[in-house]
There are 2 protein chains.
Amino acid sequence: MKEGKVFVFDKEPVIISHAAVVGKKEGEGPLRHEFDYIFEDSKAGEDSWEQSESRIHREAVTRAISKSGCENKDIDVIISGDLLDQCTGTAFSIKDFGIPFVGVYGACSTMALSMLMAATMIQAGFCSKTVAATSSHFCSAEKQFRMPLEYGGQRPPTAQWTATASGAVVVSDSGNGVKITSGLVGTMQDMGITDANNMGAAMAPAACDTIAKYLKQTKTTPEDYDMILTGDLGIVGTELLLDLLKKQENIDISSVHNDCGLMIYNLDDRDVNSGGSGCGCSGAVVCSKILRRMEAGELKKVLFIGTGALLSAVSALQSETIPSIAHLVCLESER
Amino acid sequence: MKEGKVFVFDKEPVIISHAAVVGKKEGEGPLRHEFDYIFEDSKAGEDSWEQSESRIHREAVTRAISKSGCENKDIDVIISGDLLDQCTGTAFSIKDFGIPFVGVYGACSTMALSMLMAATMIQAGFCSKTVAATSSHFCSAEKQFRMPLEYGGQRPPTAQWTATASGAVVVSDSGNGVKITSGLVGTMQDMGITDANNMGAAMAPAACDTIAKYLKQTKTTPEDYDMILTGDLGIVGTELLLDLLKKQENIDISSVHNDCGLMIYNLDDRDVNSGGSGCGCSGAVVCSKILRRMEAGELKKVLFIGTGALLSAVSALQSETIPSIAHLVCLESER
């Protein structure tokens, strides 16, 4: 098995601004005071769920660019993707921005993947300012992956709730902010899970693999980090991850671990079952509370591991397994 | 409008091997002697069209790695994507390879995008050997984007035929072969085309934008290249591109232009209408005839511009426009 090489960003790409935009339900959760903007209307004033997702995505990107003091013309490239078929949530959100665009697909790992690619382009010396972003929408995702909303299907306790949310960062080759100091591209893992209502279980082995490889290669231990943050395993996947890391790798991250899927909602809201998910969940959590706490010096060193379940509605109906992946970025605050 | 910065790969990432694997129809076309393997059975021995696409993709990647003299464990990262929802054509093809994986989405521009990202990772100093790949399958694409095959819907003359094909390259930081010397990330263009049966028209403005920006920034003219190769505009899109470049930019590329969609099939085959398309079309054409001719010294300097139409079946049904993008890589032979 390929170990994967840790990418060390010695040019220290820096997150000079970030924005998180969410829907009503997310805006009623524990992070309600952390977000840049909350759409009270699930459709965000648009005609379809897909347009609504694009609207939220556009809002996050626009706010991140504006907060950085840049204009669209100052951005060398935007790296983004989402869960919708052919990543149309992204395409329709930024098609008129006139910014060179690299589309990425990593399912719910997209925020970490896009940050990793943004930092890589700065390291290669090609870009001065890049945007990394992602989004998801509960209604566009349910409609696409599961059932029409009107059907009112019951959800098992292992199911996660796709966040209506978007996160965006401006990553720069200079300036002040949280630095992306290293990263690791994930390797797909497939333990044979076929239950699309239990993606936490499908994704936990991928998170385990990436975290173990990263710690081993960097010769660090969980104690070297203020937080090891996965996004999004939910309750079921988190339990599995902690267990897998302990039993397979003899690594205990329980004292520093958190998961974006556990942070975005009130977990006593029975709707959300195992917690939040969707590209926008970790996108909005990282681009609000996490980066704010790092900027305030409350967290100095955070490993953010985005986890993605690489299934489609078709592959699920064809009873295929759910290959999963976890991409990692190490974030460090100067304070 | 952002001009986009040309990425100059002074570390000269080199394509040390390539492989192209196609279906029966492609194997009966003018490039039949160029491909590494032709599946006579459209299902490639699998149970579904989706599995068949993954099988073809896997075959191309496996052959490219094997031809490079490498094993899977020598590859630092694979960058790949395809047209299927959530890029499952790619995920299920290489999930068991144990190679770190970056998923990209650029519709039919994916071969150029994945080569551009592979070269960027080598330029950043993170990788020694990378794979860039893509695939498409006529049957999985028709089923997903248009009609069930059994419906036998008529296709207008502007429609293109999605190739059942895959292309893969191994891009290395050293070795012999064709070099990727520079590249340009495309910027989305949207001229308001809504006809999903006329994607050549939707994509031509994106190709025009990318080619004009690249020539301007590199202060080169079409005469500096042995070939300016788009993939895939087909008959309709090619005519539009040549026209747009002449009228808007005063650039005449007609003497050196070719298009992968015009090369892969016999154009007197009425089935293919305006020509080939699909990620695998330009993937298989570049990874066979083009790179072979460059290795033989028959072509020294080629601009390859992958063009992608960023629509989905849902966006088409919702009468959205078709935003398009074109990514460019400059390929240079040493001979």
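Let's start with a charge over a ring (NZ of Lys or CZ of Arg within 6 Å of the ring centre and within 35 degrees of the ring normal): Lys43(B) lies over the face of Trp49(B), at 4.8 Å from the ring centre. In chain A, Lys43(A) sits over the face of Trp49(A), also at 4.8 Å from the ring centre. This is a predicted model, where local features need pLDDT of at least 70, side-chain atom pairs count only at pLDDT 80 or more, and totals for chains, interfaces and linings use all residues. Residues are numbered from 1 along each chain as its sequence is written, chains are lettered from A in the order in which they are written, and side-chain values use heavy atoms, leaving out hydrogens and water.

**Rings across the chains**
- Rings of Phe, Tyr and Trp (its six-membered ring) pair if their centres lie within 6.5 Å; planes under 30 degrees apart are stacked, over 60 edge-to-face, and the rest tilted.
- By this rule there are 8 aromatic pairs over all chains.
- One of them is stacked: Phe7(A) and Phe126(B) have ring centres 4.3 Å apart and planes at 15°.
- This pair crosses between chains, from strand E1 of chain A to the loop between H4 and strand E6 of chain B (helices are DSSP runs of H or I, at least four residues, and strands are runs of E, at least two, numbered from the N terminus).
- Both Phe7(A) and Phe126(B) are buried (under 20% relative accessible area; exposed is over 50%, partly exposed in between, with a 1.4 Å probe and protein chains only).
- Phe126(A) and Phe7(B) are stacked too, with centres 4.3 Å apart and planes at 15°.

**Helix H4 of chain B**
- H4(B) is mostly covered, with 14 of its 14 residues buried.
- Just after H4(B), Gly125(B) takes a positive phi of about 90°.

**Cysteines**
- The whole structure has 0 disulfides over all chains (a disulfide is a pair of cysteine sulfur atoms within 2.5 Å).
- For Cys127(A), the nearest cysteine sulfur, that of Cys70(A), is 13 Å away.
- Cys127(A) is buried, with a relative accessible area of 4%.
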